[in-house]
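Subject: Structure handover

Dear colleague,

Please find the structure below. My notes follow it.

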Amino acid sequence: MRYGSVCSGVEAASMAWEPIGWTPVFFSEIEQFPSGVLAHHWPDVPNHGDMTKFEEWGYERGAIDVLVGGTPCQSFSIAGLRGGLGDSRGNLSLTYMRMVDQLRPKWTVWENVPGVLSSGGGRDFGSIIGALAELGYSCSWRVLDAQNFGVAQRRRRVFLVGCASGDWRDPAKVLFESGCGGRDFEASRKERQEDPKSTVRCFAGNQESNIAATLQTTMHDYSRADGFNVVCVEDNRRNGLRIHGDKTQTLQSFMGTGGGNTPIVVHGSQDPIVSDKAHAIGRNQGQENVVGGVRRLTPTEAERLQGFPDGHTDIGWNGKPTPDSHRYKAMGNSMAVPVMRWIGERIQKRENREL
């Protein structure tokens, strides 16, 4: 499958789709730093810049199989002024539809914030749907949350998939798994909470939970069990719970032989560290306490939260190290790679009549 990408950013679509054998034909990104990232990783793929000039690019109908883009969300966001399609940024959504009209890809994948569904009283999103329908495309849309695709962040986005077949079942089968429409959500939530296969156990004091709190080890009266929160991860290799480093102990050794009130603590024998610096829990072989504090994510961690490989945006800049601010902004504007991979894989399965 060949695809064209607009509002490309640092190309979550390519990171998601190249591993499944899809090929980028063109990008369209106007900002300087993301364009540099594109040139660094995909030097042979043309970046045409301003998408409003697409008629000058020279592509004919059928040049691509998929058109993908996450047009600017600020005009639709509930945190913004909500200019909708009257805003020049929101109006790029209609430019996207004009590109669909000229290029006639078999599939379209469009992404935006959930606020687009209510912008203009729902009329803005209705205009986008109507434009696709007038072009003969069937479409389906769904709000997907990145946290459900293996990344450690809550990021809800609307994904609109269109198909030139005109058959509504094609995009619907891409975005909706069989049987998901009639799901009992309360029963599903209870099922997840009671799932014995869960590998994460968290503790606040001596109470087990599957809700993790921030690590706080500021309570040093070890006769009490309510002054700290500890996250324990099950170590399947040794059938125990790993608190720090590679030391593994069983749940019983923490909770006491009778499963009683023995507190679970992360501590050593020395005075606590009181600092705004982040330390590993196993510092000095576990002989020092750690006071956990909130710190800013590193650019690499921001990349991981979006599903990119480490260093994807660390390309150097003007002969100097890459500014962190550039990398943060690029990740903040990006789509989540695992979500895009899931959509691409399901489009491919539909193409292969496996869905």
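Surface patches are made of residues with over 30% relative accessible area and no salt bridge, with like charges joined within 9 Å and nonpolar side chains (Val, Leu, Ile, Met, Phe, Trp, Tyr) within 5 Å. A salt bridge here is a side-chain nitrogen of Lys or Arg within 4 Å of a carboxyl oxygen of Asp or Glu. Accessible areas come from the Shrake-Rupley method with a 1.4 Å probe, and for residues only the protein chains shown count as cover.

This is a predicted model, in which local features need pLDDT of at least 70 and side-chain atom pairs count only at pLDDT 80 or more, while totals for chains, interfaces and linings use all residues. Residues are numbered from 1 along each chain as its sequence is written, and side-chain values use heavy atoms, leaving out hydrogens and water.

L117, W141 and V143 make a nonpolar surface patch of about 230 Å². L117 is partly exposed at 33% relative accessible area (buried is under 20%, exposed over 50%, partly exposed in between). This residue sits in the loop between β4 and α4 (123-134); helices (H or I, at least four residues) and strands (E, at least two) are DSSP runs numbered from the N terminus.

Strand β4 (residues 107-112) is largely enclosed by the rest of the structure, because six of its six residues are buried. W107, V109 and E111 cover one side, and T108, W110 and N112 the other. That is, the residues on both faces of β4 are buried. Strands pair if DSSP finds at least two bridges between them. β4 pairs with β3 (residues 66-69) in the parallel sense over four bridges, and L67 stands opposite T108. With β6 (residues 156-163), β4 runs antiparallel, joined by six bridges; C163 is the bridge partner of W107.

Regards

Key. Buried < 20%, exposed > 50% of the residue type's maximum accessible area, 1.4 Å probe, protein only.
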